[in-house]
Each structure stands twice: as C-alpha cells, then as structure tokens.
Amino acid sequence: MTIELSRRGFCIGTALIGLQTVSSSAFARSEDGTVKLGLVAPMSGPNARYGAFSLRGAQMAAKEINGAGGIGGRKINILAGDSQGTPVEGVSATRRLIDQDQVDFIIGDVSSSVTLAMQPVAEDAGVLLLNAASSNPKITYKAGVGGFKWTYRNYPTDENRALIVLQYAAEKKGFTKYAVLSVDSDYGRAAIEFTKKYLPRFKSQILTEDYYKEGEVDFRSVLSKIRDSGAQAIIMYGNADSTPIVGRQMMEVGIAGKIPLIGNAEFNTEKTIKAAPKALEGAIEAAAWLPAYESEKSKAFVDKFTAEYREAPNNHAYVHWETTHLLAKAIDQAQSIDREKVRAALSKIHYASAVGEVTFDDHNQARLPMILLEIENGKPAIKGAYSAEIDYPK
C-alpha cells in the first residue's frame, strides 16, 4: 500500500515482508558454473571496519541464495578486492577482479571518491558496477543517460537526503522559513546547496546562513541571530560532536523546543538527546536504513546477521546484503549471466527491499525510500520510509 503525500510523488510505503528468493525454473540451463561477484571495499586501513561489515553482508546474502539452490542452479562466488579506502587502490583492485579473476559483476565501493575512480574502469571493460554505499550525487549524474551505462547505484545520495528532509519538513510540518547552521566542509556545504536547489519547489526560503569549523564550541551569537530571524527550523548538516554543544546553547538563548533542528548530524543518538533533550525535541533526520526499522524483512536480517556473526549489523552490512539479493534477482529475471541482459533487467526491475520498492531511473540511480526519524518525547520515532524524485542537471 502506498500513501501519496503530494502530487510530486513523495510517498510512504508500508513494510514489505519476506526475504527475496530467486527462481531457477526459467533460467537458461545451457550455461553452467558460478556467478563470480567482485566486491571492492576497504578491507584494510582506517575504514577497514566498513569493509568487514560490507563483506559479511554480501557473504550472508550469497549463503542464503546458494542455500536456496542458487540462481538458476548457479552458486554465487564472492571475490573481495581491497580498496584501502583510496581511489588508486580501488582502481587496482577493480582491474585485478576484472582481468585476473574475470568476475561477472562488481559491487563497490563504500567511499564515493573510490567509486568515482572505478566507474571508467568498469565502463571500459563492460562490467556492471553496482554501488551499494556511496552517496556523492556525481556518481549517478555521470551514469545511465549521463554517460556510464554500466554504473548503477542502490543507495540514496546526499541530494536525496536533503530533498527528503526538506519535503517532509514542508509538507508534514508546514515549515517554509529556515536558518542554516552547517559544518564548513564539502559535505556540509554541498548539503545546503542541494537544499537550496529545492527551496522553490516548496515556496521556502533561507533567512540566515552560517557555517562552523570542526571543533568550534561557541555558537551563541549565531543562535541568537537565528532566534531573532523568524526562522521556523534550523537546517544542520554536520558531525556528531557538535550537535550536543549546539543543543545546550540553544537552551541558553531560549530557542530550545521552539525552533527544531532538521538535516543530518546524529540527532537521534541517545548521547545527543541526553545532552539537550528539550533542544533535540522535534529534530528531523533521514537514514538509508536502521536496525530498529520494523519491517519483517529488516527484522529477519538483523536477527540472522546477529546470530551468524555475534554482532549487530550496521548500515554497510545491510546495504551490501540487500544489493547482493537485488543483483541476484536481476540475473534471475534476465535468465542469463550475460552482462547486457542483466543490465537491461536491472533497469526494469521492481525489487521489494526491507524499506520499500526499488526501481531505477534513467541515470541508473535507485528510486528507493529513506527512513525518516523525528525525536518525540525524548526518543527517536520512525515516521516511515519516504522517497522523492530528484531533478538532474540539464
């Protein structure tokens, strides 16, 4: 069931139940062997933990698929490549998987900079690159009709997040006047530029705009300016360390509980809320997935992953598990591991993920929901899974 929130297609989908299965009856039996799936992720270096979760998620999906008979009788064989979180190593790992291991498909990387470097390599080789965890919009600006036909992404972008947060704030809360208090980084400034792009769609405006340096601790003068500006909400994209400080100082200047925070700066963590509960009340944040999301498929994944690895999954584990199942579904629908046929099947797919239906647009970007959180009575409340159409550059 789908509930329309506006004629622009902003919707909340009900949870979809059951693990994905793939049929073998219609698969082209003239082909045999395995499906070689390369996975590029940081297996070493400072982001190795992300890579470990990514690999575990993909391996668990492969185990489930193989245990159910594979894809048309074929078993998935995952071959890992270590990007070390750097573009140079990511390209080297991609080339090794293609040239030496002769993989059929690749999932990767966690880092947007690595994925951007991998794109031309996959394109030149004609190997499908399915991204599961990078959020830079440029990846799919350049994909599909943007040029790289072999790149697909099954993950929301930073632009998706900014749009969904803004649209929820406008349509569900009635906000049209905003103040900006965002981290002075590529991420923080880009999020605000994406927000500005969609302000006219909701007849909204930014009244004040300020950026803070990482490590900054005094926000009182900016918050006082916001207090007197007439803003209905503060758009904040930043780091978790700054949010409790901002919250406490919101209480000092008298705007806690009056002007809520929206955006993405870990508003929903227990530590942040405890630091300034009144200031965090009503804060709005979007996430790709959360372990607490109550769909049957999501809960089954969390339980199975925790039992398998004796550790709760994080977002990277989930998105790589889900993306491996998505790819398996596309191969099954193509009835072949022929890359062109699988690419065509992926473009047309309707896939039931743990947070809602996934389809792809003409830039090979997944139209998939994000989970909206709002702090209510001192606790994060999941408001549902929401999606919205982005406007690509001409």
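Predicted model: local features only at pLDDT ≥ 70, side-chain atom pairs only at ≥ 80, totals over all residues.
Student: How many Å apart in space are aspartate 228 and isoleucine 255, C-alpha to C-alpha?
Tutor: Along the sequence, aspartate 228 and isoleucine 255 are separated by 27 residues. In space, going from C-alpha to C-alpha, the separation of aspartate 228 and isoleucine 255 is 9.8 Å.

Student: Are α1 and α11 roughly parallel or roughly perpendicular to each other?
Tutor: The axes of helix α1 (residues 48-67) and helix α11 (residues 296-309) come within 11 Å and cross at roughly 105°. Because angles of 65 to 115 degrees fall in one class, α1 and α11 count as roughly perpendicular.

Student: Which residues of α11 do the residues of α1 meet, and how does the contact divide by class?
Tutor: From α1, the residues taking part are Phe53, Arg56, Gly57, Gln59, Met60, Lys63 and Glu64, and they meet Phe301, Lys304, Phe305, Glu308 and Tyr309 in α11. By class, the residues of this contact divide into 5 nonpolar, 2 polar and 5 charged.

Student: Which helix gives the most to the lining of the largest cavity?
Tutor: A search of the whole structure finds 1 cavity of 30 Å³ or more, and the largest cavity has a volume of about 80 Å³. Its lining includes Asn154, Tyr155, Tyr318, Val319, Glu322 and Thr323, and by class the whole lining has 8 nonpolar, 3 polar and 1 charged residues. With 4 residues, the helix that gives the most to this lining is α12 (residues 315-334).

Student: Which element gives the most to the lining of the largest pocket?
Tutor: The largest pocket holds about 1,400 Å³ of space, and of the 46 residues that line it, the closest to its centre are Ser135, Tyr155, Arg161, Tyr187 and Asn264. The lining of this pocket divides into 22 nonpolar, 16 polar and 8 charged residues. Among the elements that each supply at least two residues of the lining are α1, α5 (158-173), α6 (186-198) and α12. The element that gives the most, with 4 residues, is α6.

Conventions. Residues numbered from 1 in each chain as written. Heavy atoms only, no water. 1 Å grid on protein atoms, 1.4 Å probe; cavity = no way out; pocket = protein on both sides within 12 Å on 5 of 7 lines; lining within 4 Å. Points joined across faces, edges and corners; volume = space filled by probe spheres on them. Nonpolar A, V, L, I, M, F, W, Y, C, P; charged D, E, K, R; others polar. Axes fitted to C-alpha atoms, helices over the stretch in contact; angles between N-to-C directions. Parallel < 35°, antiparallel > 145°, perpendicular 65-115°, else oblique. Contact = heavy atoms within 4.5 Å.
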